Amino acid sequence: MEELRAIIEVARTSPIYPAVLLAAATGCRRGEVAALRWDDIDLGAGTVSFTRALSAVRKQGVLEKAPKTRKSVRVVPVSDYVISELRRIKAEQAQRQLLHPDEYDPSGWVCATDRGRRMHPDYITRE
């Protein structure tokens with residue numbers, strides 16, 4: 001647990017922090033976390049719905065697909081700490097969108113670049 005806390009704390013200043021936080025909190029796969037949009041998160045109920053995944057495929061790019069198995073489609077409760085961090089992340093993204101409205105992708109990716117575009121799953125791994 002101590003090692004996990006240390007990893008999360010180091011990732012806190014990284015663009016992949018939402019991915020690290022959600023993977024640690026839910027145990028979900030990289031592609032499932034990378035595919036999350038804000039519509040998949042119920043901040044009031046404290047849940048995250050996993051209904052799709054991103055997969056990097058050579059010569060095809062990043063594809064959105066169904067999760068690995070039927071049982072992988074699920075709603076996962078998360079702690080109050082995770083919800084408060086997600087609220088903070090969402091507010092930071094909203095601020096960036098206000099500062100760069102013409103350059104910001106409004107798709108609502110949770111794991112997003114500084115311009116709101118989805119993160120490539122391999123980028124999350126490399127970071």
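Visitor: Which residues does Glu85 touch, not counting residues up to four places away in sequence?

Guide: In this predicted model, Glu85 touches Arg12, Tyr17 and Leu21, once residues up to four places away in sequence are set aside. Glu85 itself lies in helix H4.

Visitor: Is Glu85 buried or exposed?

Guide: The cut-off for a buried residue is under 20% relative accessible area. Glu85 has 6% relative accessibility and therefore counts as buried.

Visitor: Which residues of H2 and H4 meet?

Guide: From H2, the residues are Tyr17, Pro18, Leu21, Leu22 and Ala25; from H4, they are Tyr81, Val82, Glu85, Leu86, Arg88 and Ile89. By class, the contact of H2 with H4 has nine nonpolar, no polar and two charged residues.

Visitor: How do the axes of H1 and H2 cross?

Guide: The axes of H1 and H2 come within 9 Å, and the crossing angle is roughly 160°. H1 and H2 are therefore roughly antiparallel to each other. The crossing in which H1 passes H2 is left-handed. On the H1 side, Leu4, Ile7, Ile8 and Ala11 take part, and they meet Tyr17, Val20 and Ala24 in H2. The residues of this contact divide into seven nonpolar, no polar and no charged.

Visitor: How many of the residues of H2 are buried?

Guide: Seven of the 10 residues of H2 are buried, so this helix is largely enclosed by the rest of the structure. The buried residues in H2 are Tyr17, Pro18, Ala19, Val20, Leu21, Leu22 and Thr26.

Visitor: What covers the buried residues of H2?

Guide: The cover includes H1, H3, E2, strand E5 (74-77), H4 and helix H5 (121-126).

Visitor: Which residues of the largest nonpolar core touch the most other members?

Guide: The general idea is that, in soluble globular proteins, nonpolar side chains tend to be buried together. Here the largest nonpolar core has 32 residues, and Leu22, Val33, Ile41, Val48, Phe50, Leu86 and Val110 touch the most other members. At least two residues of this core come from each of helix H1 (2-11), helix H2 (17-26), helix H3 (30-34), strand E2 (47-50) and helix H4 (80-99). H2 gives the most to this core, with five residues.

Visitor: Which residues does Val110 touch?

Guide: Not counting residues up to four places away in sequence, Val110 touches Pro18, Leu22, Leu36, Arg37, Trp38, Ile41, Leu86 and Gln93.

Visitor: Where is the place of Pro15, and with which residues is Pro15 in contact?

Guide: Pro15 is in the loop between H1 and H2. Its relative accessible area is 41%, so Pro15 is partly exposed. Leaving aside neighbours within four places in sequence, Pro15 is in contact with Ala112, Met119 and Tyr123. The C-alpha atoms of Pro15 and Glu127 are separated by 8.7 Å, although these residues are 112 residues apart along the chain.

Visitor: Where is the place of Asp114?

Guide: Asp114 is in the loop between H4 and H5. At 48% relative accessibility, Asp114 counts as partly exposed. Asp114 touches Arg96 and Tyr104, not counting residues up to four places away in sequence. Asp114 and Ile16 are 98 residues apart in sequence and 11 Å apart in space, C-alpha to C-alpha.

Key
Residues are numbered from 1 along each chain as its sequence is written. This is a predicted model: local features need pLDDT of at least 70, side-chain atom pairs count only at pLDDT 80 or more; totals for chains, interfaces and linings use all residues. Side-chain values use heavy atoms; hydrogens and water are left out. A nonpolar core is a set of buried Ala, Val, Leu, Ile, Met, Phe, Trp, Tyr and Cys residues joined through side-chain atoms within 4.5 Å. Buried means under 20% relative accessible area, exposed over 50%, partly exposed in between (1.4 Å probe, protein chains only). Helices (H or I, at least four residues) and strands (E, at least two) are DSSP runs, numbered from the N terminus. Contact means heavy atoms within 4.5 Å. Axes are lines fitted to C-alpha atoms, for helices over the stretch in contact, and angles run from 0 to 180 degrees between N-to-C directions. Angles under 35 degrees count as roughly parallel, over 145 as roughly antiparallel, 65 to 115 as roughly perpendicular and the rest as oblique. A crossing is left-handed if the near helix is turned anticlockwise from the far one by less than a right angle, and right-handed if clockwise. Ala, Val, Leu, Ile, Met, Phe, Trp, Tyr, Cys and Pro count as nonpolar, Asp, Glu, Lys and Arg as charged, and the others, Gly among them, as polar.
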